[in-house]
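My notes follow the order in which I looked things up.

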Amino acid sequence: MRQIFLAGLAFLAACLISPDRAQAQDAAIQPILQEHQALIVKSSRKTIGPAIDAVASSGLPQAQTVLEVWAAKNMWQRKEDGLFFIGEKIDSKTYALTDFDSGETVGEFPKKELKQLKPNSGIRALIGTALVQFQLSDPDIEARKAALLSIERDPEASLLAPLRASIDGEPDAALKAQKQRLERLLTIGYDTDETARLSAIADMSGDLGVDVRATLNPLLTTTREVAAGAVPEGANVAQILHPGQDSFDKITAYDLLADKGIAPARVTSDDIRLALGEHIEGGSVGGVPVATLHTQAARLKAYTVLAAEGEVPTYVDEAAIDSALKVNVFFDAYAEPSKSVTDAAAKALKDIELKVGLNQTLDLTLDALSLASIYFLAAIGLAITFGVMGVINMAHGEFIMMGAYTGYVVQQFIPDHTVSIIVAIPTAFAVTFAAGVAMERLVIRWLQARPLETLLATFGISIALQQLAKNIFGTQARPLTAPGWLDGAWVMNDVVSISYIRIAIFILALIFLGIFLYIMKRTRLGLETRAVTQNPRMAASMGINPDKVNMLTFGLGSGIAGIAGVAIGLFAKVTSELGSDYIVQSFMTVVVGGVGNIWGTLAGAAMIGFLQKGIEWMNPSNTLAAQTYMIIFIIIFIQFRPRGIIALKGRAAGE
Amino acid sequence: MQRSFIAKNPSVLVFLAILALFTLLVTVMSEGFGVGGISTSFIKTLGKTLCLCLIALAMDVIWGYTGILSLGHFAFFGLGGYMIGMWLMYERTRLIVVDSLAQAEIPPTDGEVIDAVGNQIFGVVGSSEFPLIWAFADSLVIQLILVVFVPGILALVFGWLAFRSRVTGVYLSILTQAMTLALALYLFQNDSGLRGNNGLSGLQNLPGVTASQDYVSLWFFWASAAALGGGYVLCAWLVSGKFGSVLRAIRDNEARVRFLGYSVEMYKLVIFTLTACIAAVAGALYYPQAGIINPAEIAPIASIYLAVWVAIGGRGRLYGAIIGAAFVSLLSTWFTGGQAPDINLGFYTVKWVDWWLVLLGLSFVLVTLFAPKGIGGLIDLYTERRSPSRHGADLGPDDGALREQEASQ
């Protein structure tokens with residue numbers, strides 16, 4: 001639709017300008033069209049090329065109009081004299097024709113006296129390529145951008161010249177830079193002048209763009225060649241191969257020979273079996289009874305007899321393979337003939353790889369930081385309850401899930417995402433705080449000093465809560481949508497980027513660290529909590545109520561889990577299994593970090609986050625393996641620091 | 001005073017008698033050998049339940065008697081199943097392949113048979129090569145040894161690492177859970193060599209046996225019953241002797257036992273490995289009856305359920321573990337199988353398929369809170385053995401334990 005509109009615009013412009021120009025240049029496009037009339041009317045993708053080229057290279061201002069009108073199916077041929085015009089519909093039977101050269105309306109004609117040219121999609125694509133040179137200098141910046149994009153997607157040698165021609169006249173600075181960059185890339189790929197290519201490669205080396213690598217890599221594609229005796233003159237050899245070495249085994253080498261027709265094809269064991277099957281005569285093949293053909297040696301014997309009779313091709317044995325390999329040389333040859341170009345490209349790619357590697361490390365570090373902050377958020381509540389009360393809360397994951405579902409429910413009532421998140425965070429805290437306090441009051445209090453049973457009882461609660469969530473919200477994932485300003489990612493270059501949600505979670509984790517430190521070091525509750533952590537009986541005799549402290553710390557830990565749930569729900573799917581996906585990692589974080597110390601949890605989260613990302617980087621296809629190795633690493637780590645990275649010292653470290 | 005083993009453990013005779021009666025009853029009621037009152041699929045369920053009782057027994061010894069809450073015994077159970085499954089799958093596929101290749105004009109070579117078997121087994125994970133761990137899959141004897149050996153070695157290495165560094169209590173529980181998770185995640189990979197999440201299947205067919213499942217299921221049922229009986233006697237013998245006394249002492253006060261000069265780590269390691277082997281045997285009997293094994297079976301949650309069974313049945317007594325495993329797993333089958341009638345409350349219909357887990361979770365909490373002795377505690381009412389009066393003092397670290405009575409034996 002837009003294309004037609006643009007074509008119309010161009011047509012109007014042509015109408016206004018062309019009379020003067022036509023007179024000034026005194027050249028017409030109609031004769032060119034007439035010259036190729038047969039091809040144009042035939043309208044076949046295979047033969048249309050010369051006609052389009054002739055129009056495009058005519059150098060006439062009307063050429064663009066012609067091509068656009070043609071592609072938009074608005075070109076009509078008058079049957080009586082075969083001339084081409086722009087057709088404009090008056091009514092269903094009548095069309096007004098306009099001359100390309102003069103721009104004047106020739107008159108109105110009934111449809112049956114005219115023939116519309118309907119180029120198919122293949123031809124329109126060809127016309128589109130021809131139009132690029134006009135579009136690159138189009139006054140409309142959008143059209144120029146679109147033209148540049150189409151070159152980027154589908155680079156061709158023929159586009160280099162028009163692209164270069166259009167750079168100087170480009171008024172927009174950004175677009176000009178883009179054009180220059182594309183020109184460099186096209187030069188690398190398609191220029192015929194070697195020095196120009198070398199300088200272009202030098203210009204682009206060290207550039208991180210994917211397009212640079214996409215341009216350089218094809219230059220270094222090799223084909224595996226074989227030649228008798230020595231490497232032929234003029235071949236751009238990447239590497240000479242020695243059969244039987246460097247993962248280039250003899251069988252592959254010989255098969256290459258056979259493929260090239262230099263040596264007879266290898267007879268595989270399948271071939272032998274088939275050949276034997278075809279030559280069974282009276283229960284035996286080549287004098288060997290069929291029943292004994294269940295070993296390779298017997299089969300080979302029978303086959304050799306058949307081969308001697310000339311029934312089947314001769315078996316190629318080890319010695320034959322070796323001698324055939326000896327007289328031939330194998331090598332990888334670049335498709336690109338110029339050695340200096342391939343050398344320069346290889347060097348440039350190496351530079352780029354190094355730079356990409358550095359940037360990937362940075363990207364990985366960012367990823368690991370973000371993962372660590374997620375684990376920190378998930379584990380901090382657990383660390384509080386474990387550290388203060390020595391209680392493992394297996395339902396902690398379900399509190400995270402509860403927080404996420406709270407966020408979802410809040411979003412059902414408050415459609416504005418920003419407001420709903422602001423409301424959801426305290427609501428989630430309140431809900432899970434209440435749940436935590438209830439759990440502490442009803443269950444955990446009665447199981448004090450029996451940590452294993454607490455573990456199991458909280459596990460029972462975890463099963464019940466998980467199933468309850470399934471019954472209420474169903475098994476399918478519920479959306480917890482992040483506000484619009486958190487969409488997208490912070491992109492540094494083509495390699496390094498990180499989404500805003502992850503940055504927000506990182507900041508949230510920092511905030512929590514601050515709040516936690518404040519509560520622990522600066523408030524009455526923190527003081528009492530630390531006292532109870534160190535020695536509950538002594539604390540009780542100092543007038544601190546350990547029951548109350550336990551209840552509040554448990555509520556606090558659960559509440560933080562709820563907020564972590566909202567944060568995790570923003571980027572993960574909210575399902576009833578959300579919590580159990582994080583629970584083992586949270587435990588790991590606490591165990592590795594050490595109990596009863598926020599810095600330990602931080603160190604544990606950082607270690608696990610970096611470790612997981614690091615292992616994933618080594619084996620990117622397999623996140624399962626990454627988790628496996630990470631857990632094994634942690635089990636071994638515990639050997640050396642059984643009490644975690646930061647262990648409590650003194651009395652608090654006791655049982 | 002030296003009393004005989006039976007006199008010290010009256011429950012052994014009672015249990016064996018009940019097990020024998022039960023086995024006889026099921027055999028008489030079966031479709032294969034009896035009047036056909038019990039369907040073959042239910043016999044399989046009962047046989048599987050016996051295997052679960054056996055692993056619950058192992059769990060009770062390690063948790064109820066030694067105080068190590070292992071959340072990893074289902075990993076050993078699954079590994080045992082994988083080991084026997086490898087032979088079952090290999091041998092059955094080989095027979096099928098040999099049959100189909102016999103149709104060809106030329107008899108197949110050994111190499112061709114193995115390639116074809118590899119293709120059949122590993123086709124689903126896009127491979128056809130036999131991984132190294134299948135090296136002995138063609139030998140039933142070796143695989144049977146591996147059933148005990150592989151989980152045993154894993155338990156030995158893991159236990160050595162864990163106990164050596166004095167990891168105890170909840171730390172150890174979490175660590176065993178991590179081990180289970182690591183194993184499950186590893187097996188989930190396609191290139192682990194055990195068919196990734198497809199697992200091993202078709203295990204219910206014994207290679208070379210043409211008898212119908214009616215009979216095969218009973219054979220396995222008998223084998224499971226025999227294993228359970230043997231396991232019970234073994235465990236009762238273990239926990240009633242001096243060795244058992246040390247185990248209970250470790251549970252009640254590990255430091256004191258260490259100061260008395262016992263090598264606590266060694267005791268723990270031995271009992272951990274031994275129970276892992278028992279779990280592996282249970283698994284090797286379980287999965288041929290289930291017919292399929294995949295890594296999801298090893299997920300940490302399974303091991304936690306195991307702890308739930310033992311806790312509900314009553315830990316610290318062997319029959320308690322068996323009662324718990326049988327009761328909860330059969331009830332669970334009944335509820336989740338959709339056989340339990342729905343309850344219509346007028347405004348809401350309680351579907352047990354949805355609500356069973358809520359019920360289980362909550363009743364588990366209630367049992368932990370109010371009946372730490374579990375169902376097995378009911379037996380005490382009959383035998384009139386009560387906890388001695390401690391004048392209001394705590395019973396010790398473990399309410400489920402029968403320390404006073406045990407001392408009087």
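Predicted model: local features only at pLDDT ≥ 70, side-chain atom pairs only at ≥ 80, totals over all residues.

These entries go from the chain contact to the sheets, then to a helix pair and single residues.

**Entry 1**

**Entry 1: contact of chains A and B**

I looked up how many residues each chain gives to the contact. Chain B gives 40 residues and chain A gives 45 residues. I then asked which elements of chain B give two or more residues to the side that touches chain A. They are helix 7 (169–188), helix 12 (300–313) and helix 14 (352–370) of chain B. Helix 7 of chain B has the largest share of that side, with 14 residues. I also sorted the side of chain B that touches chain A by class: 29 residues are nonpolar, 8 are polar and 3 are charged.

**Entry 2: five-strand sheet in chain A**

I traced an open sheet of 5 strands in chain A, with the order 4-3-2-1-5 and antiparallel pairing. Which strands are at the edges? They are strand 4 (105–110) and strand 5 (114–116) of chain A, and each of them pairs on one side only. From one strand to the next, the twist averages 40°.

I followed the pairing at strand 5 of chain A. Strand 1 (residues 75–78) of chain A runs antiparallel to strand 5 of chain A, and 3 bridges join them. For Arg78(A), I found the bridge partner in strand 5 of chain A to be Leu114(A).

**Entry 3: three-strand sheet in chain A**

I found an open sheet of 3 strands in chain A, in the order 6-10-7, again with antiparallel pairing. Strand 6 and strand 7 of chain A each have a single partner strand, so one side of each has no neighbour in the sheet. The twist here averages 30° from one strand to the next.

I checked both pairings of strand 10 (residues 328–334) of chain A. With strand 6 (residues 222–228) of chain A, strand 10 pairs in the antiparallel sense over 7 bridges. In that pairing I looked up Thr223(A), whose bridge partner in strand 10 of chain A is Ala333(A). Strand 7 (residues 237–241) of chain A is joined to strand 10 of chain A by 4 bridges, and these two strands also run antiparallel. Leu241(A) has Phe330(A) as its bridge partner in strand 10 of chain A.

**Entry 4: helix 11 of chain B**

I took the span of helix 11 (residues 264–290) of chain B. Its 27 residues reach 38 Å from the first C-alpha to the last, close to the 39 Å expected at 1.5 Å a residue. I found the helix mostly covered, with 19 of its 27 residues buried.

**Entry 5: helix 3 against helix 11 in chain B**

I looked up how helix 3 (residues 40–65) of chain B packs on helix 11 of chain B. The angle is about 170° and the axes are 9 Å apart. Angles over 145 degrees count as roughly antiparallel, and helix 3 and helix 11 of chain B are therefore roughly antiparallel to each other.

I listed the residues that meet. On helix 3 of chain B they include Cys51(B), Leu54(B), Ile55(B) and Ala58(B), and on helix 11 of chain B they include Phe272(B), Ile278(B), Ala282(B) and Tyr286(B). By class, this contact has 15 nonpolar, 3 polar and 2 charged residues.

Most residues other than glycine have a negative phi. I noted two arginines of chain B with this in mind.

Arg166(B) has a positive phi, near 55°. I placed Arg166(B) in the loop between helix 6 (140–164) and helix 7 of chain B. Arg166(B) counts as partly exposed because it has 14 C-beta neighbours inside 10 Å.

Arg195(B) also has a positive phi, near 65°. This residue lies in the loop between helix 7 and strand 1 (200–201) of chain B. Is Arg195(B) buried or exposed? Arg195(B) is buried, because 23 other C-beta atoms lie within 10 Å, where the cut-off for buried is 20 or more.

**Entry 6: Pro31(A)**

I found Pro31(A) in helix 2 (residues 30–35) of chain A. Pro31(A) is exposed, because it has 10 other C-beta atoms within 10 Å. I also took its separation from Thr533(A): 502 residues in sequence and 98 Å in space, C-alpha to C-alpha.

Note on methods:
Residues numbered from 1 in each chain as written. Chains lettered and ligands numbered in written order. Contact = placed C-beta atoms within 7 Å. Nonpolar A, V, L, I, M, F, W, Y, C, P; charged D, E, K, R; others polar. Pairing = 2+ DSSP bridges. Axes fitted to C-alpha atoms, helices over the stretch in contact; angles between N-to-C directions. Expected span 1.5 Å × (residues − 1). Buried ≥ 20, exposed ≤ 12 C-beta atoms within 10 Å, placed from the backbone. Parallel < 35°, antiparallel > 145°, perpendicular 65-115°, else oblique.
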